[in-house]
Amino acid sequence: MNGWRITGAAVLGLGLAGCALGPSGQAPVMPEPARYAAGPPPDGGASAAGPELVRAHAPAAAWWARFGAPELDALVTEAWAANPDLAAARQRLEAAREVLWAQTGATTLPSIDLGAQAARQRALGLPLTLPPPLPELPRTSIYDTFVGQAQVRYAFDLFGSIRARNRALADRVEQQSAQWRAAREALAANVVSGALTLSALQARLDILASVAAGLRRDEAEAARRQALGAAPRAAVLDARRQAEAVAAQIPGLQAQALSIRHALAVLLGRTPDQAPEAIAFERLTLPAQIPVLVPAALLAARPDVQAAAAALRAAAHDAGAASADRLPSLTLTAAMGRGGYDWSSALSPAGALWSLAGGLTAPLFHGGALQARHRASLQAHAAAQDDYRSTVLAAFREVADALASLEQGGSAQAAGEAAARAARAAAADAARRAALGAVPPAAARAAGRQADLTALDALDVRAQRLLDAVRLFHALGAPAPDGA
């Protein structure tokens, strides 16, 4: 009895030791930046023209709802429900989880199989010896066999090879889950960015159409003045040139707007002819606040960082399995059943069948394959560590770039809006003076046209600020969805 206890303790100790055969799989410690972007911090907590950047420990959920247009929430919800690429990624994730369940059940529990066989055959028996001079004749017999048995097989995981492989597969499923979350958040960012870009482009088209209409009126007035002899033909040609130059920009922008609408339709799982309409640009607003995560919280909120961490753990478990493959393995098989040459003998006490076998296999010589696989697994683990570092640094850089663009763009937006207000005031003053007869109508139209062109510049800056906010929200990650 003491011998069995000693043997059991030894086997248990070897099994527990198998957990330490590979690297730990812990993510390397990364330096946390004191501030994401380089250079001095901005004055106060808000950049010029907003938004306010506040320190946070959790990412914003449904951040697109902060842009003032409920249509954005509807578009993102539709894309998540109907985008075929996202749905395919979800199905592949579910398939990977089923494969994990299959491997775990097949390797950690005994396999039990039932078998039954009934056969009728004619076979050669022993030769029949006859007195000389007659020759020996072969003897044949016809008989039935009935066998039924249960077979059990179990492989003991002495050094943790099976556990390491199962954990590696589980980590790869977690990696795939994180990649699916990353694809889901990227889809939301693409839908919102596309909708904002389409809105800004439609606003630009409206302004250009107004400018082109004003230039057509200038051309018509110049033509009337030429007919009266009050203006040279060159004035008509110059007005026509300006009108055609502006009009020439419109078809290209219209084609670009249609292309964006078609892309949005595909993201939403629609056909291009069912593309969504543009949201009125004036309804879109910058979020009042954007929660900027501390670096430690950022790493937990970014699905790509979580995917890299899962890949690192899987590589560590692969190295542990490769190390355990160089150690002995133990397998136990057993069978129990009934058998006989007829049903009565098979069911009688004499028909009982059983077998019990154990096999111990120790690798002796494999041409250096096991050692090479172990070294390869260690190199793969080292590469996974470097991939993790690269992913973390890229996450910091994306946040830094988005913050820098948002912070630096505030001054440009404030200046552009001030210029647009001044141009509108000048146009209003010119219109009043034209109504009083102090200046010709063409001067008022020119001032209005200048106000429209200044508004175009302000529109571009504001649209870029909106896209910078989307970029920052996406770079900051998102909470894990339910069931991910």
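Which element gives the most to the lining of the second largest pocket?

Reply: Helix H10 gives the most to that lining, with 6 residues. This is a predicted model, and the chain averages a pLDDT of 85, with 90% of the residues scoring at least 70.

The second largest pocket has a volume of about 340 Å³. Its lining is made up of 19 residues, and the closest to the pocket centre are Phe281, Glu282, Ala455, Leu459 and Arg462. Two or more lining residues come from each of H4, helix H9 (369-435) and helix H10 (441-475). Sorted by class, the lining holds 10 nonpolar, 7 charged and 2 polar residues. As for how such a space is found, rolling a probe the size of a water molecule over the atoms shows where empty space is left.

Helix H4 covers residues 161-227, and Glu185 is found in it. The 67 residues of H4 should span 99 Å at 1.5 Å a residue, and the end C-alpha atoms are 96 Å apart, which agrees. Just after H4, Gly229 takes a positive phi of about 80°.

Glu185 counts as buried because its relative accessible area is 10%, and the cut-off for buried is under 20%. Not counting residues up to four places away in sequence, Glu185 touches Trp80, His474 and Ala478.

Thr108 belongs to another helix, H3, which covers residues 84-108. Because its relative accessibility is 35%, Thr108 counts as partly exposed. With neighbours within four places in sequence left aside, Thr108 is in contact with Tyr154 and Asn166. Thr108 and Asp157 are 49 residues apart in sequence, yet their C-alpha atoms are 8.3 Å apart in space.

Over residues 1-19 pLDDT stays under 50, and the model has 10 contacts beyond four places in sequence for them. Residues 43-47 also stay under 50, with 8 contacts beyond four places in sequence.

To return to the pocket, H10 gives 6 residues to its lining, and Ala455, Leu459 and Arg462 are among the residues closest to its centre.

Technical notes:
Residues are numbered from 1 along each chain as its sequence is written. This is a predicted model: local features need pLDDT of at least 70, side-chain atom pairs count only at pLDDT 80 or more; totals for chains, interfaces and linings use all residues. Side-chain values use heavy atoms; hydrogens and water are left out. pLDDT is the predictor's confidence in each residue, from 0 to 100. Contact means heavy atoms within 4.5 Å. Helices (H or I, at least four residues) and strands (E, at least two) are DSSP runs, numbered from the N terminus. Buried means under 20% relative accessible area, exposed over 50%, partly exposed in between (1.4 Å probe, protein chains only). On a 1 Å grid over the protein atoms alone, a cavity is a set of points where a 1.4 Å probe fits but cannot get out, and a pocket is an open set with protein on both sides within 12 Å along at least five of seven lines; lining residues have an atom within 4 Å of a point. Grid points are joined across faces, edges and corners, and a volume is the space filled by probe spheres set on the points. Ala, Val, Leu, Ile, Met, Phe, Trp, Tyr, Cys and Pro count as nonpolar, Asp, Glu, Lys and Arg as charged, and the others, Gly among them, as polar. The expected span of a helix is 1.5 Å times one less than its number of residues.
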